[in-house]
Amino acid sequence: GYHWKKTPCKTQVKVRSDGQISIVHAPTDRRLSRNVREDNPNYFHVYWASNQFPISTSEGGCGGCTTLSTGECLCNSLVEERSVLTSAPSSAKEVLEHLFIGVGQQSFDDMVFKTSTQISTDLKVHFNGDTCCDAGTIFEVTEARTGRSFRLKNSESIVHLRTSDDSPLSIGEDVSYSFRNPPHFISLTPSEMNVRDAQYETEAVLDSYFYHQNVGPFIGYRLCQRFGFSNPSPQFVERVATAFQDGLFESGKYSFGSGKYGDLAATVGAVLLDDEATTDYLEMDPSYGSLREPLLKYIHVLRSLEMKNFDEFPFVELKGLEEKIGQMAHEIPTVFSFFLPEYSSAGVVSKAGLTSPEGQLLTTPKLIALMNGIYSVLKAGLTDCDEGFSSRVPGNCRVSFEGSYQRSTGKLEYSPPEDTDAALSEMSTLLTSGRLTSVNAATIKSAVEEIINDDRDKAMRLAQQLIVSTPEFHATNIPKITSTARPEGPEPTPPQKPYKAIIQLM
């Protein structure tokens with residue numbers, strides 16, 4: 001709260017060695033809130049003129065300010081309000097680059113102006129003098145990039161630092177340390193803090209993020225990655241960012257979006273319908289596409305091969321996937337998702353300067369667990385036997401075998417065509433979107449033909465297991481198959497010192 005003091009009150013600035021500041025009310029008193037005491041621990045960034053600010057040194061102290069025992073400089077302050085533009089600007093961009101103090105609707109309605117002039121379609125000026133411009137001039141502008149409208153005052157608030165005796169604290173001749181007075185919503189006095197001001201400040205912060213010029217490229221890049229393009233080209237990202245900014249995307253005779261900044265319909269349309277996303281021969285590029293997420297691969301198998309639960313088990317229940325494969329719906333470990341968007345797998349991917357976010361989940365235990373889970377559902381339906389992912393069903397796993405569903409909660413009901421070639425082609429379409437290479441298709445067909453006459457159902461299950469084992473199932477581009485064996489790495493150099501080895505069994 002407030003209290004009376006005999007000495008004059010001052011607003012001081014405590015400057016840290018990195019240029020961040022905190023506000024101090026003088027004279028200090030233990031009855032003051034710590035938010036404004038000399039030991040105030042709350043620092044924030046300000047825009048220093050010429051990036052110059054006082055620093056405590058062993059030789060000269062703080063240049064006339066008080067040097068605190070903790071090393072900061074404690075300076076008096078003087079706030080100056082002054083006009084910025086001295087003549088009518090030529091564009092809305094010029095206004096937005098120089099003016100930062102807004103005028104609310106109520107305040108604007110209470111103002112009376114002698115002259116109002118429309119300079120351009122996106123710029124109008126209001127002033128009381130014979131000519132523009134003074135500190136009372138108001139500019140109405142529309143930002144071309146976002147379509148937002150502003151009323152900005154031709155004024156800036158500058159905080160000048162003063163010495164302990166209130167003399168200007170100078171950098172050089174006639175130049176003082178100063179910074180732009182930062183915007184502030186919430187009172188530093190606890191008794192005056194309220195929900196309304198907190199909401200205003202939160203909304204202002206969110207607006208500053210949402211309308212920042214980097215948001216379009218950032219959102220565009222991330223959406224490209226999540227829709228299957230780990231390394232989108234700069235041109236692709238630019239087109240998506242433009243759709244986000246303009247709120248509009250056109251593809252042929254179709255149009256997406258409302259024309260408003262940040263329209264996600266336009267943004268997603270640009271991601272999915274861009275030439276880079278729809279040109280099939282680009283799949284031959286090794287850097288094209290992405291690795292697929294483990295959970296999506298498992299769900300893909302269930303959906304494409306027509307998983308159906310038995311009547312006594314109305315829901316598909318999957319257990320322990322976050323531990324087994326690193327992913328499960330609604331089990332995201334951090335706000336940064338299951339993997340980092342900039343992750344690059346060690347080896348050729350990293351050496352090529354490419355990213356492979358999903359590769360962060362491809363540790364050996366998780367890969368083995370995923371393949372065991374997929375093989376299990378292909379052979380015996382949705383079960384917990386043979387490392388399956390289903391919830392436990394009463395009974396013994398020893399009675400469960402390939403083609404048996406006694407310990408299952410559901411089964412895959414997909415029935416392939418009778419013709420072997422047609423069956424393999426259809427399963428290739430279902431599981432790899434038709435990307436299965438002729439080399440891998442021939443290998444799978446050969447394995448199937450060896451047993452198809454003895455047990456056709458088992459042969460089809462084998463084909464499915466082999467297809468989900470191909471790189472075409474695990475990535476969205478077409479692998480480059482060569483006849484050259486992968487070179488073996490060099491033998492590691494034995495250590496010269498004794499060591500203890502820890503062997504982890506999985």
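Over which ring does the charged end of Arg-16 sit? That would be Tyr-43, with the charged end 4.4 Å from the ring's centre. There is another arrangement of this kind in the model, which is a predicted one: Arg-180 lies over the face of Phe-100, and here the distance to the ring centre is 4.2 Å.

**Rings against rings**

Staying with aromatics, the count of aromatic pairs comes to eleven. Take Phe-210 and Phe-244: their ring centres are 6.2 Å apart and the planes meet at 75°, so this pair is edge-to-face, the cut-off for that label being over 60 degrees. Phe-210 belongs to helix α3 (residues 195–210) and Phe-244 to helix α5 (residues 234–246), so the pair ties together parts that sit 34 residues apart in sequence.

The two partners get different labels for accessibility. Phe-244 has 3% relative accessibility and counts as buried, while Phe-210, at 33%, counts as partly exposed. Both also belong to one aromatic cluster, together with Tyr-211 and Tyr-261.

Asn-309 has its place in strand β15 (residues 307–309). Is Asn-309 buried or exposed? With 15% relative accessibility, Asn-309 counts as buried, because the limit for that class is under 20%. Setting aside neighbours within four places in sequence, Asn-309 is in contact with Pro-314, Phe-315, Val-316, Leu-382, Thr-409 and Gly-410.

Lys-366 is a helix residue, sitting in α11 (residues 364–380). Its relative accessibility is 24%, so Lys-366 counts as partly exposed. If you leave out residues up to four places away in sequence, Lys-366 touches Lys-324, Ile-325, Gly-326 and Leu-361. Its C-alpha is separated by 8.3 Å from that of Glu-323, a residue 43 places away along the chain.

**Positive phi without glycine**

Finally, a couple of backbone angles to look at. Ser-50 has a positive phi despite being a residue other than glycine, and Glu-306 is not a glycine either, yet its phi is positive too. Their values are set out here:

| Residue | Phi | Relative accessibility |
|---|---|---|
| Ser-50 | near 55° | 65% |
| Glu-306 | about 60° | 43% |

Where do these residues sit? Ser-50 is found in the loop between β2 (21–26) and β3 (66–67), and Glu-306 in the loop between α8 (294–304) and β15. Strand β15 is also where Asn-309 has its place. In terms of accessibility, Ser-50 is exposed, whereas Glu-306 counts as partly exposed.

Key. Residues are numbered from 1 along each chain as its sequence is written. This is a predicted model: local features need pLDDT of at least 70, side-chain atom pairs count only at pLDDT 80 or more; totals for chains, interfaces and linings use all residues. Side-chain values use heavy atoms; hydrogens and water are left out. Rings of Phe, Tyr and Trp (its six-membered ring) pair if their centres lie within 6.5 Å; planes under 30 degrees apart count as stacked, over 60 as edge-to-face and the rest as tilted. Helices (H or I, at least four residues) and strands (E, at least two) are DSSP runs, numbered from the N terminus. Buried means under 20% relative accessible area, exposed over 50%, partly exposed in between (1.4 Å probe, protein chains only). A charge sits over a ring if NZ of Lys or CZ of Arg is within 6 Å of the ring centre and within 35 degrees of the ring normal. Contact means heavy atoms within 4.5 Å.
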